[in-house]
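Open the model in a viewer and keep the selection panel at hand. The stops below take a helix pair, a sheet, the ligand shell and two further helix contacts.

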Amino acid sequence: MESLPVRRFDAIVVGAGGSGMRAALELARANLKVAVLSKVFPTRSHTVAAQGGIAAPLANTTEDNWHWHMYDTVKGADYLGDQDAIEYMCRRAVEVVVELEHMGMPFDRIENGKIYQRPFGGHTQAYGSPKMAMRACAAADRTGHAMLHTLYQQNVRSNTQFLVEWMALDLIIDPQDGACVGVVALEMETGEISILQAKATLLATGGAGRIYWATTNAFINTGDGLGMVARAGLPLEDMEFWQFHPTGVAGAGVLITEGVRGEGGYLLNKDGERFMERYAPNNKDLASRDVVSRAMTTEIKEGRGCGPHGDYLELKLSHLKPEDIIKRLPGIREIAIKFANVDPIRDHIPVVPTVHYQMGGIPTNYMGQVVVPEGASKEAIVPGLYAAGECACVSVHGANRLGTNSLLDLLVFGKASGEQVIKDIRGQPSPHRALPRGAGDATRARLARLDGATSGERVVDVLNDLRRTMQAHCGVFRFPEDLVAGVAKVKTIAERASRLFIADKSKVFNTARVEALELENLVETAMSTIISAEARKESRGAQARADFPERDDRNWMKHTLWYKEGNRLDYKPVHQRPLSVETMEPKVRTY
Ligand SMILES: Cc1cc2nc3c(=O)[nH]c(=O)nc-3n(C[C@H](O)[C@H](O)[C@H](O)COP(=O)(O)OP(=O)(O)OC[C@H]3O[C@@H](n4cnc5c(N)ncnc54)[C@H](O)[C@@H]3O)c2cc1C
C-alpha cells in the first residue's frame, strides 16, 4: 500500500473550542510548532454557544472565595468529583478569568468598572447557605461567543497554525510503549488522508450530545475524541452521567440559559404554581440542574405540565424590567421569539429538560495527561496523549456539573495541559521517533470499507434510531427494564453501523462520508453510556434510577471505566483528598 503523507509538529491540538484554543495559546507562546485541527472554522466551535457565564469567585458584588466555590462544586458533583482536581480548578479560577480579561474579553461591567457577575444554580455563599453567590462572570448572554473570539485572536497573534475543516479520525499508538505519536486525519476539502505526527496530541473535541434526540448540542458534537480513544483500546470514564439542562425550548431543544433564572426568572406549572419551592425550598429555581430537571419531569408526569398535551413547563421573565431583559438577555429574547414564537417581555417561554453536557469522558489527571489502569496502577500516564474540555473527565464535575463551571474548566485545564505538554516536550530528544509500522492502516481499511460498500444501512436511519433509543431508554429517570432493553438495542444499532453505505463516493467536501465517520463515534459514545448506566445500581447526580433511588456511597463511590473491547467495565476510586484542605465528606444533598 502507498504510504500516507506525513506532517510533523511538536504538538497537535484536536479541537478549536475554548479548551483547545486555551491550550494552543500556551504552546504557541512557548514557541512550539503547534497545529490546531477543527472540523469547522475555529470560532464556530460549540463554545461559541455558551451563554450564561464563567465561574470565578472574584467577589465583585457578593462576598466569595474559592473554598465556597469548591464546596459547591463537590456537592454539585454529588461527591463523585475528584477533590484534588476540584480544588485545583477553583484555586486557579480568578487567575484564568483575569488573564482572559487582560486578553481583551469584553465582559459586562458593574458601576465601579469591575466584571459583572450573576448568580447561577448551585453556586452559594458560606458553604451552601440559602444566599446565592454572584459568581458567574458574564458578557450579556453571549459569554462563550466573546471568549472564543478573544482566544482565537490571541492565537492568531501568537502564530498558532490552524488546520480548518480537518477531521481527526484515529490516534496513532506506538505498540512498543503505548505512546500516542499523532493522528490520522481527513482534509475535508480534498478528501485526502494524512498522518499528523507529534510529540504531544491533545484531544479537545468537545461534547457528544448528539447521541440524544433532544439536545442543546450542535451537529458537530459527535464525540470524535471519545471514539478515537475507545478504538485505541483505552477506557472512557463515568459515561453514564449526562446533564439534562432544565430549560431547552420545548420542541426545539435550543438552550435558554440558567442566567435567566439568575436574573430573577422562575418556572411555573399549569396551575401557575412556582413548583420549585416544593422541591428545593432554599435555592428554589437555582438548585442544581439535576434537581430542577427531575422536578420538571415529575411535574409533567404527574399531570401538571402546560399546553394542550401537558408536556412542557413555563419560564416566566415578564416581571423583570424590559430594559434589563434587553440589556442582559438579548440572545434569549431572540431565541424565544424565533424558536417559541413568544416575546419574554410579555409571555412565558415553554421549556423542557434537554440533554446538554457530558460529565464523563477521557480519563485525565488535572495536568491533562490521559491516565488508564495498567499493572498495579489505576492511573498510569499514556505518554504523549492529553485531553481537555468537555471530552475529558478530570473529574471535576463528577455526577453533575454546576453551570458556568465548564467554561472555567476549559480555561484552567486548557492552560494546565498546555503547561504540561511544554514540560514533557522539553524533556524529550528533539527528532520525532519513527512511526510504528502500518500507522494509519486501520483507518484506511475503515474508509475503504465505506467507499467500497455497494449496499447497506443508511447513515440517517441508524443515527435516528440511535438517538431515539438513547432518549427513550437512558433519560432523566432511568428504569431497569428500559436500560436492559436499551443495551440490547444499542448493540443491534452498533452492528448495523458496521454496515453503513453512502451513495456519494466523491472526495471533495463529501459530507456524507464525514457523517458516516461521525456516526461511528456516536455509537461508541452511546454504547459506553448505556452500558455504564445499566451497571451502576444507585442514583447519584444525573443518574436517577427508579429501582435504586438512593445514593450508595458504600458500594458506588467509584468511577466507572468502560472499554470498547467486549464492553468490559472496570472501576477506580474517587480522589476524596483535596490538595491542601480537609476532605469534604459526603452528605445528603439538599438545596
Ligand atoms: C447552548 C450551550 C450553552 C452553554 N452555556 C454555558 C455557560 O454559560 N457556561 C459554561 O460554563 N458552560 C456552558 N456550556 C457548556 C460549554 O459551552 C461547553 O462544555 C464547552 O464550550 C465545550 O468546549 P470544548 O472546548 O470542550 O469543545 P467545543 O467548543 O465543543 O469545541 C470542540 C472542537 O473540536 C473540534 N472537533 C471535534 N471533533 C473533531 C475531529 N474529529 N477532528 C477535528 N476537530 C474536531 C470541533 O470542530 C471544535 O473546534 C453551554 C453549552 C451549550 C450547548
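Select helix α2 (residues 66-76) together with helix α3 (residues 83-103): the two pack at about 140°, and their axes are 9 Å apart. Axes here are lines fitted to C-alpha atoms, for helices over the stretch in contact, and angles run from 0 to 180 degrees between N-to-C directions. Helices (H or I, at least four residues) and strands (E, at least two) are DSSP runs, numbered from the N terminus. The angle makes α2 oblique to α3; angles under 35 degrees count as roughly parallel, over 145 as roughly antiparallel, 65 to 115 as roughly perpendicular and the rest as oblique.

Look along the pair: α2 passes α3 in a right-handed crossing. A crossing is left-handed if the near helix is turned anticlockwise from the far one by less than a right angle, and right-handed if clockwise. To show the contact, select Trp 66, His 69, Met 70, Thr 73 and Val 74 on α2, then Gln 83, Ile 86, Glu 87, Cys 90, Arg 91 and Ala 93 on α3. Contact means C-beta atoms, placed from the backbone, within 7 Å. By class, these residues are six nonpolar, three polar and two charged (Ala, Val, Leu, Ile, Met, Phe, Trp, Tyr, Cys and Pro count as nonpolar, Asp, Glu, Lys and Arg as charged, and the others, Gly among them, as polar).

This is a predicted model, in which local features need pLDDT of at least 70 and side-chain atom pairs count only at pLDDT 80 or more, while totals for chains, interfaces and linings use all residues. Residues are numbered from 1 along each chain as its sequence is written.

Next, the sheet. Three strands form an open sheet in the order β3-β5-β4, with antiparallel pairing. β3 (54-55) and β4 (117-124) are at the edges with a single partner strand each, so one side of each has no neighbour in the sheet. Two strands pair if DSSP finds at least two bridges between them; β4 and strand β5 (residues 132-137) are joined in the antiparallel sense over four bridges. Select Pro 119 and its bridge partner in β5, Met 134.

Now select the ligand. Its shell holds 45 residues, the closest being Gly 15, Gly 17, His 46, Gly 206 and Gly 389; a residue is near if its C-beta atom, placed from the backbone, lies within 6 Å. Elements that each supply at least two shell residues include α1 (18-29), β7 (166-174) and β14 (349-358). α11 gives the most, with four residues. The shell has 16 nonpolar, 26 polar and three charged residues.

Move on to helix α14 (residues 480-497) and helix α15 (residues 511-535). They pack at about 160° with axes 10 Å apart, which makes α14 roughly antiparallel to α15. The crossing of α14 past α15 is left-handed. Contact residues include Val 487, Val 490 and Ala 494 of α14, and Val 523, Met 527 and Ile 531 of α15. This contact divides into 14 nonpolar, one polar and two charged residues.

α13 and α15 pack at about 25°, their axes 10 Å apart, and that makes α13 roughly parallel to α15. α13 also passes α15 in a left-handed crossing. Among the contact residues are Val 462, Leu 466 and Met 470 of α13, with Ala 516, Leu 519 and Val 523 of α15. The classes are 12 nonpolar, one polar and one charged.

Terms used. Two residues are in contact if their C-beta atoms, placed from the backbone, lie within 7 Å.
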